[in-house]
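Work through the exercises below with the structure at hand. Each task is followed by a solution in steps.

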Amino acid sequence: MAGFVANTQIHGHSVRESKQLKGRKERRPNRLFVLLFLFSFPPFLLPSFAQNKKAVELYKKAVDALSNRKMTESLDLFHQAVERDTGYTDAYLKLGQVYEFMRQPDQAFQVYQRAIGQQPDKPTTGLAYQFVSAYLLKKGNYRVAIPHIERYQKLFAPQSLQWKRIDRMLQTAHFGEQAIQNPLPVKPQPLSPTVQAFPSQYFPVLTADEQTLVYTVLKPEGDEDLMVSTHKGETWSPPESISPLINSINNEGTPTLSADGRTLVFTVCQGRAGYGSCDLYISHKTGNAWSEPQNIGPVVNTRAWESQPALSADGRRLYFVSDRKGGMGRRDIWCSDLGDDGEWKPPYNLKSINTPFDEASPFIHANGLSLFFASEGHLGLGGYDLFVADSTATGWSNPQNLGYPINTSDDQAALFVSANGTHAYYSQEQAASDGKQRSKLYVFDLPEALRQKVRPVSYLKGLVADARTKKPLNATIELIDLATNQLITRVQSDPQTGQYTAILPTGGEYALYVIGPGYLFKSLSFDFTRKREGEGLTMSVPLEPIKPSEGGAPAKETLNNLFFETGRYDLADKSRTELDRLVKFLEVNPTVNIEVSGHTDNQGGTANNLELSKKRAQSVVSYLAKAGVAPNRIKSAGYGETKPVAPNTTEENRKLNRRIEWRIW
C-alpha cells in the first residue's frame, strides 16, 4: 500500500504536522533560518580541506550566496567546486544539504553517497550517513540500508543516545527486510468509480452490514465534506452529502459510525465553537435525518488537539487521539465511556498501547476487542505502521504489526475491518497527471493469517413494531452473555422506522431482549459455541402490547432462554438471565399478573409429558416467588404435548414445542 494517505485528521492536518486548513502560504526562509542551516553540522564534523585553491574559493562564494538566500546560485557554485576538486568531501556534504533544503532528496542522495565513498569511516561523513540511511528506509530498500546504518552507528559510543537512535533505524531495516521476504497475499481492489467522484476521497467507515459507506472527500474548491453512499446489489450509489446540518463551508473530516450507522462522531478544526485547535462533534440519526451536531463536551475536548475518533459498535465507547498533557508521547490514543446518564466519562490513556512517539487513527473492531491503530513508536517498516492489539482480562495484548504489504516504508493509517473479519477498507494516494497527489478508496480480503487474529462477529438487524398495528417502535435491544449474565451491548431502535442493528459475538451463548414500554419483552436465543465466521441475520421483532385489543386474546410470549436437562425440571444456572428479566418486567409493571405454562413434544408418553410440563412451569414460578414477586400475581400450568406450535415430525420442530410460555391474565 505504498503512498497510503497519511492524513489522520483532515486535509492539511497530517500525521506529520498540524496547521491551518486553508489560507496558509509557504513562507520564504528568513536569513536567521538559513544561517542556522549553514552551521547545522553535528559536533564531530570537521572541515575537509580541498587540494584546489579555486575549489576553495568557489566553496566560500557558495556559502555566501546561501547566506543571502540565493539558492540557485549557491547550488551552481558548489557544483563548480566539486568539479574543480572531485575529492572535496566538505563541498559534497554542503551540496547535499542544499539539495535537502530545496526538497530534492534524489539529488541529495547522490551527492551524499559520493561523500561516503570518499571517506566511509570518518566522522565527517556522519551527516551523509544519516540522510542516506533515512532515504533508503523511506524507499523501502532495507537490504541496502543495513550496511550504511551499521557503519553510521560505529561513529558513536555504544549505548549513547545517538547510538540508540541509530539502533532503532537498524531494527526497522531488519524488520522491514524480513517482512518483505514474507509478504501477505493482499490484492487491493478500488471501490466502484461511482464512489470515486472527487479529486480525493479517504478515511472510509461502514456500518456492520457493509451497506452504508461514509467517508471524507476533498472537493475541487478545497472544501472537505462527509459523503455517504449505499450498496445496492453489486454497486454503490452515487455519493451524497451526509447532511446540510453536518457539512458546512468549513472542513469536516475523519468520521466514525456506530454499527447501526445512527451515531456519528467527526472532527472539526474551525468554523464551530470549540475548546481547542480541533474538537470532536457528535450527531444522531432519526429516520433519514441527522441532528444538529453538538460539541461532544469539555470532558473529551480540551484546549489541546482532539481528533481521529473511533466509536464502538454500540456507540458507548469512544477512542480518539489527543496531544493533551498526561500522555505517553505527544499524540496518544485515549478512551472515554458513555455513562448511563448520557454523559461521557473522563478519558483514560491507553498506556500499554501508546509509546513516546506518536500514535494515530484508532479503529475498534465491531467485536469490541480488536483495536487497530497506526504508530511510529512500535517496531515496523518505517514511519507510521498499522498494528492490532486485543483487549484481554489483564489488559491490552502486545501490539502486532499487520505485515507487508499492508504496511510499507510509507506512512499507513486509518484501516477499517468489516464486522465479519473478511474485508478491510482504506485509502491510497497516487500521483495524478498534474503532479498532485490524489487519494482513492480500496478494499481487500483480509489474509487468513490476520483473520485468525480478529474474532469475527455476526449482526442482527431488522425492525421492531407493534405486533397488532405494525407501527414502528422505539425499543431497547440488550445482549446478555448467558455464561456470565453480563450485558454485552445495548442499542435502541429508530423511533421513526423501528430499525435496529445489534452485534452478535461468535463463540458463545447469548440472550437478546427487545424491550418496549407497554409491551411484553421479546426473548431470543443465539448459540455460537461452534460458530466462528460472522454471518449477518435479518429479523423483524413484533412486540405484543400488554393491554389486549377489544375482545382479543391475552398477550403471550415464549421464554427462549430457559434450559432444562432432558426429562428433568431443574433450571440450569444459565436460565438466571431469563428469569431475572421476567422479574424485572413484573417490577416495572406492578399491575400485571402472569401465567407460566409448560409445553413438551410428543416423545416420552402423554402422562409423563403432562407431569413434566407442570413441574417445569412450577420451577419458574418458584424462582419468581423467591425473587420477591407476590404469589397472587403468578400461577403455573402444564399442557404437556397438547398445544404444539409445529408438527412433531422433525427434531427442529420438536425443539420448538418444548417451551415455556408466559401470558397476561
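Buried means under 20% relative accessible area, exposed over 50%, and partly exposed in between, with a 1.4 Å probe and protein chains only. The model is predicted, so local features need pLDDT of at least 70 and side-chain atom pairs count only at pLDDT 80 or more, while totals for chains, interfaces and linings use all residues. Residues are numbered from 1 along each chain as its sequence is written, and side-chain values use heavy atoms, with hydrogens and water left out.

**Exercise 1. Classify C269, C278 and C335 by burial.**

Step 1. C269 has 17% relative accessibility and therefore counts as buried.
Step 2. C278, at 0%, is buried.
Step 3. C335 also has a relative accessible area of 0%, so C335 is buried.

**Exercise 2. Find the disulfide and give its handedness.**

Step 1. Apply the criterion: a pair of cysteine sulfur atoms within 2.5 Å.
Step 2. The count is one disulfide.
Step 3. C269 is joined to C278, with an S to S distance of 1.9 Å.
Step 4. The angle about the S-S bond is 105 degrees, and the link of C269 and C278 is right-handed.

**Exercise 3. Describe the cavities and their linings.**

Step 1. A cavity is a set of points, on a 1 Å grid over the protein atoms alone, where a 1.4 Å probe fits but cannot get out; lining residues have an atom within 4 Å of a point. Grid points are joined across faces, edges and corners, and a volume is the space filled by probe spheres set on the points.
Step 2. The whole structure has two cavities of 30 Å³ or more.
Step 3. The largest cavity holds about 360 Å³. It is lined by 31 residues, and V205, P255, T256, F363 and F416 are the closest to its centre.
Step 4. Sort the linings, counting Ala, Val, Leu, Ile, Met, Phe, Trp, Tyr, Cys and Pro as nonpolar, Asp, Glu, Lys and Arg as charged, and the others, Gly among them, as polar. The lining of the largest cavity has 21 nonpolar, ten polar and no charged residues.
Step 5. The second largest cavity, of about 30 Å³, is lined by F372, V388, L402, L446, L450, K453 and V454. Six of these count as nonpolar, none as polar and one as charged.

**Exercise 4. Which strand residue is the bridge partner of A310?**

Step 1. Strands are DSSP runs (E, at least two residues), numbered from the N terminus; two strands pair if DSSP finds at least two bridges between them.
Step 2. Strand 12 (306-311) pairs with strand 13 (residues 317-322) in the antiparallel sense over four bridges.
Step 3. The partner of A310 in strand 13 is Y319.

Definitions and conventions. On a 1 Å grid over the protein atoms alone, a cavity is a set of points where a 1.4 Å probe fits but cannot get out, and a pocket is an open set with protein on both sides within 12 Å along at least five of seven lines; lining residues have an atom within 4 Å of a point.
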